[in-house]
Amino acid sequence: MRRKTLFHLVPEGWAVLVGLAVAFFILNAAAGFWAASPVLVLMLVAVLYFRDSPRNVPAEPLAIIAPVDGKVIHRRECYDPFLDREAIKLSLRVGLLANYLIRSPVEGTVVELSGEAVENLDGCASYIRTDEGDHVVMVIREGRLFGLRPCRGGYGERVGQGRCCGMRRLARRVDLYLPVNSRVEVELGDSVRGGARVLAKLVHKPNARRDPEENGPS
């Protein structure tokens, strides 16, 4: 899924830049260029923050890619309340000036989540089912997306591995629930770059392909 951008900046970014530009011209007219120059610095920071910059997605179809820029703060086996299964949970603390976009950890189809865990969730979640029948849940638990899901496209829409699927807005922590047999490739404290760093790899038996309907809810 591709987000519509102008000069690779998301719509929210343009709103911020227009506001800063107005502030610059007002300060420049009232107090001179040097008084207004800090606003130019803020404009540069805003461009870097809101830009949909290309990322070098690893050419590994079974890799699970970091959805955001941040640091690994949790990795362990646990119960996945969304899909009622044993899973591996990876948590990322989003960097203060991390890129504004959320990227899909895997290629697949966005599937609707329902149930008590979703209803009681203090946050939002997206469920992606891969073509191989694996199931990945991405959850925002701290911060807000203001009513959006991490993958904000419609149910049934496809997302690409490492590609932009949403905007993180004020999200501060992202949790991933992975198949329990996934091979984790990161350690606690590792810094990761969204759309570029492999967090884990899905493990399949040779020539084995699982039916999505037999391995989790749809």
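Analyst: **Starting from Arg158**

At 36% relative accessibility, Arg158 counts as partly exposed. Keep in mind that this is a predicted model.

What does the side chain of Arg158 meet? It forms a salt bridge with Asp131, at 3.0 Å from N to O. Arg158 belongs to strand S8, while Asp131 sits in the loop between strand S6 (124-129) and strand S7 (135-142), so this pair ties together parts that are 27 residues apart in sequence. Asp131 is partly exposed too, with a relative accessible area of 34%.

Now step back to the sheet that S8 is part of. Eight strands make up an open, antiparallel sheet, in the order S8-S5-S6-S7-S10-S3-S2-S12. The edges are taken by S8 (158-159) and S12 (191-192), each of which has a single partner strand, so one side of each has no neighbour in the sheet. As a general point, the strands of a sheet pair through backbone hydrogen bonds, either parallel or antiparallel.

Follow that order along and you reach S3 and S2. S2 (residues 70-80) pairs with S3 in the antiparallel sense, over ten bridges.

The loop between S2 and S3 is worth a stop, as it holds Asp84. Asp84 isn't a glycine, yet it has a positive phi of about 55°. For background, most residues other than glycine have a negative phi. Is Asp84 buried or exposed? With 59% relative accessibility, Asp84 counts as exposed, because the cut-off for that label is over 50%.

Move on to Arg85 and you're in strand S3, which covers residues 85-94. Arg85 is buried, because its relative accessible area of 16% falls under the 20% limit. A polar atom of the Arg85 side chain lies 3.1 Å from the backbone oxygen of Tyr177. Beyond its neighbours within four places in sequence, Arg85 contacts Cys78, Tyr79 and Asp80, then His135, Val136 and Val137, and finally Tyr177, Leu178 and Pro179.

Back to the charged pairs. How many salt bridges does a search of the whole structure find? There are nine. Arg183 is partly exposed at 45% relative accessibility, and Glu185 is partly exposed at 34%. Another is the pair of Arg197 and Asp190, at 3.5 Å from N to O. Here Arg197 comes out partly exposed at 28%, as does Asp190 at 22%. Lys89, Arg173 and Asp175 join up in a network of salt bridges.

For a nonpolar spot, look at Val18, Val22 and Ile26, which form a surface patch with about 270 Å² of accessible area together. Val18 is in helix H1, which covers residues 11-31.

Finally, the whole chain. Its secondary structure comes to three helices and 13 strands, and 47% of its 218 residues count as buried. Taking contacts with a separation of 6 or more, 73% are between residues 24 or more positions apart. The accessible surface comes to about 11100 Å², with 56% of that belonging to carbon and sulfur atoms.

Conventions
Residues numbered from 1 in each chain as written. Predicted model: local features only at pLDDT ≥ 70, side-chain atom pairs only at ≥ 80, totals over all residues. Heavy atoms only, no water. Helix = DSSP H or I, 4+ residues; strand = E, 2+ residues; numbered from the N terminus. Buried < 20%, exposed > 50% of the residue type's maximum accessible area, 1.4 Å probe, protein only. Polar contact = N/O pair within 3.5 Å; in protein donor to acceptor, adjacent residues only side chain to side chain. Contact = heavy atoms within 4.5 Å. Patch = residues over 30% accessible without salt bridge, like charges linked within 9 Å, V, L, I, M, F, W, Y side chains within 5 Å. Areas by Shrake-Rupley, 256 points an atom, 1.4 Å probe, with all protein chains shown as cover. Salt bridge = Lys/Arg side-chain N within 4 Å of Asp/Glu carboxyl O. Pairing = 2+ DSSP bridges.
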